[in-house]
Amino acid sequence: MAVIHDVMPAFELFQPTSIEDAVALLATHGADAWVMAGGMDSFDWLKDRIRKPKVVVELGAIDAMKGVKASGDGIEIGAMTTLTELARHPLVKEKFHVLLQGAEAAASPQIRNQGTIGGNLSQDARCWYYRAGWPCYRAGGNICYADTPTAVNREHAIFGADRCVAVNPSDTAPAMIALDAQMVIRSAGGERVVSAQDYFIGPGTDITRLTVLQPGEILTAIRIPGTWAGAEFYTEKVADRKVWDFPLVNIAAAFKMSGANIERARIVVNAVAARPMRLEAVEAFVAGKPRNEETGAAAGEMAVQGAVALAHNGYKIPMMRNLVKRAIRGGDNGWASTS
């Protein structure tokens with residue numbers, strides 16, 4: 001077990017005021033650099049001395065990466081926008097209430113005041129073996145300590161285990177995928193844009209990362225088209241405590257209705273695999289069906305097909321099944337709403 005010192009190692013701090021300066025610094029310092037947004041994830045790594053960068057590039061002075069603005073029939077969100085600002089913005093409340101709910105579900109009010117949407121989306125895995133410095137697969141070793149006979153693994157994956165069984169811990173990622181968001185990534189070589197669904201990766205792609213971000217790259221903005229604006233939304237998060245805790249399972253769903261029937265749907269769950277899972281087979285199944293108990297029950301059973309429990313996380317299977325059922329049925333459980 002790593003020794004926790006609670007004293008950060010020395011590093012050189014840079015606080016660029018433009019995206020161009022930030023990516024230039026990352027290109028100059030390479031593997032020695034650490035990118036810090038709101039600091040909620042970074043400070044844990046630094047205080048525990050698990051990460052010891054020589055250079056920290058802090059993005060808080062880059063105004064171009066802050067705020068929410070209209071963009072066509074959708075919105076563009078700067079990656080350095082705080083979760084509090086995002087949740088309070090009138091455009092988010094009016095058009096994309098599912099994202100407001102995801103942001104409000106994160107952590108605590110104090111953390112949301114400091115934590116950013118880019119940081120919440122891009123944070124590292126929260127597996128305690130990995131975070132404590134154990135030499136697991138994700139840390140470059142040759143074992144997954146969470147997938148051994150004596151492991152404590154109640155918060156780990158029931159889908160997509162590939163050596164590592166850590167899960168994605170983001171509260172806002174399911175909403176971004178449900179809304180067809182586009183992630184804007186910058187480096188010294190230019191800009192690239194990837195869909196939210198492709199932004200997150202599993203251990204089969206790269207066991208050391210949860211996102212497509214490469215060294216030298218930063219997430220600068222998120223663009224949400226108007227495709228699902230004003231849809232019927234549902235979000236729910238189950239955690240050990242109502243405040244601060246990461247999700248045990250969470251869900252975000254969007255529905256376009258045709259009378260009493262579902263015309264099309266987006267349903268995304270998280271904290272059950274290394275990447276948020278869009279339930280495309282369930283979406284296809286519910287299209288054309290009424291949004292009721294019967295449809296929800298059948299969809300819930302379909303959603304958990306293929307789930308494999310570890311020693312202590314079998315509860316996630318019925319939990320996920322019921323969240324999918326409730327999302328499709330709608331009602332007062334969770335955060336059901338129509339914007």
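Gln15 is in contact (heavy atoms within 4.5 Å) with Glu58 and Ala61, leaving aside its neighbours within four places in sequence. Gln15 lies in the loop between strand E1 (12-14) and helix H1 (19-29); helices (H or I, at least four residues) and strands (E, at least two) are DSSP runs, numbered from the N terminus. Between Gln15 and Ala61, 46 residues apart in sequence, the C-alpha to C-alpha distance is 6.4 Å.

This is a predicted model, in which local features need pLDDT of at least 70 and side-chain atom pairs count only at pLDDT 80 or more, while totals for chains, interfaces and linings use all residues. Residues are numbered from 1 along each chain as its sequence is written, and side-chain values use heavy atoms, with hydrogens and water left out.

**Helix H13**

- Helix H13 covers residues 316-329, and its 14 residues should span 20 Å at 1.5 Å a residue, which agrees with the 20 Å between its end C-alpha atoms; the expected span is 1.5 Å times one less than the number of residues.
- The buried residues of H13 are Lys316, Ile317, Met319, Met320, Leu323, Val324, Ala327 and Ile328; buried means under 20% relative accessible area, exposed over 50%, and partly exposed in between (1.4 Å probe, protein chains only).
- They cover an arc of only 165° around the axis, which puts them on the same side of H13; the arc is that of the directions from the helix axis to the C-beta atoms.
- An α-helix has 3.6 residues a turn, so residues three or four places apart point the same way.
- Strand E9 (232-238), strand E10 (249-258), strand E11 (261-270), helix H11 (280-286) and helix H12 (293-303) are the elements against which the buried residues of H13 pack.

**Helix H12**

- Thr295, Gly296, Ala299, Gly300 and Ala303 are buried in H12.
- These buried residues fall within an arc of 130° when seen down the axis of H12, so they line one face of the helix.
- The cover over the buried residues of H12 includes H11 and H13.
- Glu294 also lies in helix H12, but this residue counts as exposed because its relative accessibility is 66%.
- The C-alpha atoms of Glu294 and Asp198 are separated by 32 Å, and the two residues are 96 apart along the chain.

- Most residues other than glycine have a negative phi.
- Ala107 has a positive phi of about 50° although it is not a glycine, and its place is in the loop between helix H5 (97-105) and helix H6 (109-114).
- With a relative accessible area of 13%, Ala107 is buried.
- Ala271, in the loop between E11 and strand E12 (277-278), has a positive phi near 70°.
- Ala271 is buried, its relative accessible area being 0%.

**A buried strand residue**

- Thr220 is placed in strand E8 (residues 218-224) and counts as buried because its relative accessibility is 6%.
- Leaving aside neighbours within four places in sequence, Thr220 is in contact with Ile19, Met65, Ile77, Gly78, Ala79, Val184 and Arg186.

**Partly exposed Phe43**

- Phe43 lies in helix H2 (residues 42-47) and counts as partly exposed at 33% relative accessibility.
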